[in-house]
Amino acid sequence: MSEIDDDFYEELEEVLIMGDVGVNTTNYLIDRLKKKVKETHAKYPVECKNILIDVIKEIMVLPEDAYDFESSKAVVMVVGVNGVGKTTTSINLAASLAKMNKRVLLVDADPQANSSTGLGIDIKGLNKTVYECLIGEGK
């Protein structure tokens with residue numbers, strides 16, 4: 001079994017960057033992971049999985065009042081790599097909020113218009129796209 005070394009950290013860094021975690025967040029995660037590995041005396045990469053999960057959970061903890069979706073307007077932008085469920089999640093979130101009598105605007109900026117078709121909109125019958133709206137020709 002291989003031990004935790006610079007090659008391990010470089011490979012993990014590459015995986016995080018390719019997973020759209022972002023450079024700053026990746027650097028932070030790797031630095032925190034190295035510190036925790038020292039503290040726990042972990043020796044093998046397999047031991048890092050749970051340590052990394054804990055480090056990620058630490059930065060994801062937000063105070064209860066961090067977001068006030070109940071009484072104020074919110075804009076949620078969903079980004080990420082292909083195939084991770086952004087469209088499905090967005091459709092389900094929008095539908096759930098609408099079912100709760102919330103006013104929802106789901107903007108489908110995907111050229112394939114998967115959110116629109118997923119909501120039952122016949123995109124062939126539309127004569128304007130988000131692009132025309134953005135450049136001021138959406139009337």
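Reader: Is His-41 buried or exposed at 62% relative accessibility?
Author: His-41 is found in the loop between helix 2 and helix 3 (45-60), where a helix is a DSSP run of H or I with at least four residues, a strand is a run of E with at least two, and both are numbered from the N terminus. Buried means under 20% relative accessible area, exposed over 50%, and partly exposed in between (1.4 Å probe, protein chains only). With its 62%, His-41 therefore counts as exposed.

Reader: What pLDDT do side-chain atom pairs need to count here?
Author: Residues are numbered from 1 along each chain as its sequence is written, and side-chain values use heavy atoms, leaving out hydrogens and water. The model is predicted, so to speak on its own terms: totals for chains, interfaces and linings use all residues, local features need pLDDT of at least 70, and side-chain atom pairs count only at pLDDT 80 or more.

Reader: What is phi of Asn-101?
Author: Most residues other than glycine have a negative phi. Asn-101, in the loop between helix 4 (86-99) and helix 5 (114-118), is exposed at 71% relative accessibility. Although it is not a glycine, Asn-101 has a positive phi of about 65°.

Reader: Which residues does Thr-26 touch, not counting those up to four places away in sequence?
Author: Thr-26 belongs to helix 2 (residues 23-40) and counts as buried because its relative accessibility is 0%. Contact means heavy atoms within 4.5 Å. Leaving out residues up to four places away in sequence, Thr-26 touches Glu-13, Leu-16, Ile-17 and Val-21.

Reader: Which residues do salt bridges with shared partners join into one network?
Author: A salt bridge needs a side-chain nitrogen of Lys or Arg within 4 Å of a carboxyl oxygen of Asp or Glu. Glu-58 forms one with Arg-32, at 2.8 Å between the closest N and O atoms, and one with Lys-36, at 3.2 Å. Glu-58 sits in helix 3 and Lys-36 in helix 2, 22 residues apart, so the pair links distant parts of the chain. The network joins Arg-32, Lys-36 and Glu-58.

Reader: How much accessible area does the nonpolar patch on the surface have?
Author: Patch members have over 30% relative accessible area and no salt bridge; like charges are joined within 9 Å and nonpolar side chains (Val, Leu, Ile, Met, Phe, Trp, Tyr) within 5 Å. Leu-62, one of the members, is partly exposed at 47%. Areas come from the Shrake-Rupley method with a 1.4 Å probe, and for residues only the protein chains shown count as cover. Together Leu-62, Tyr-67, Phe-69, Val-76 and Val-78 have about 530 Å².
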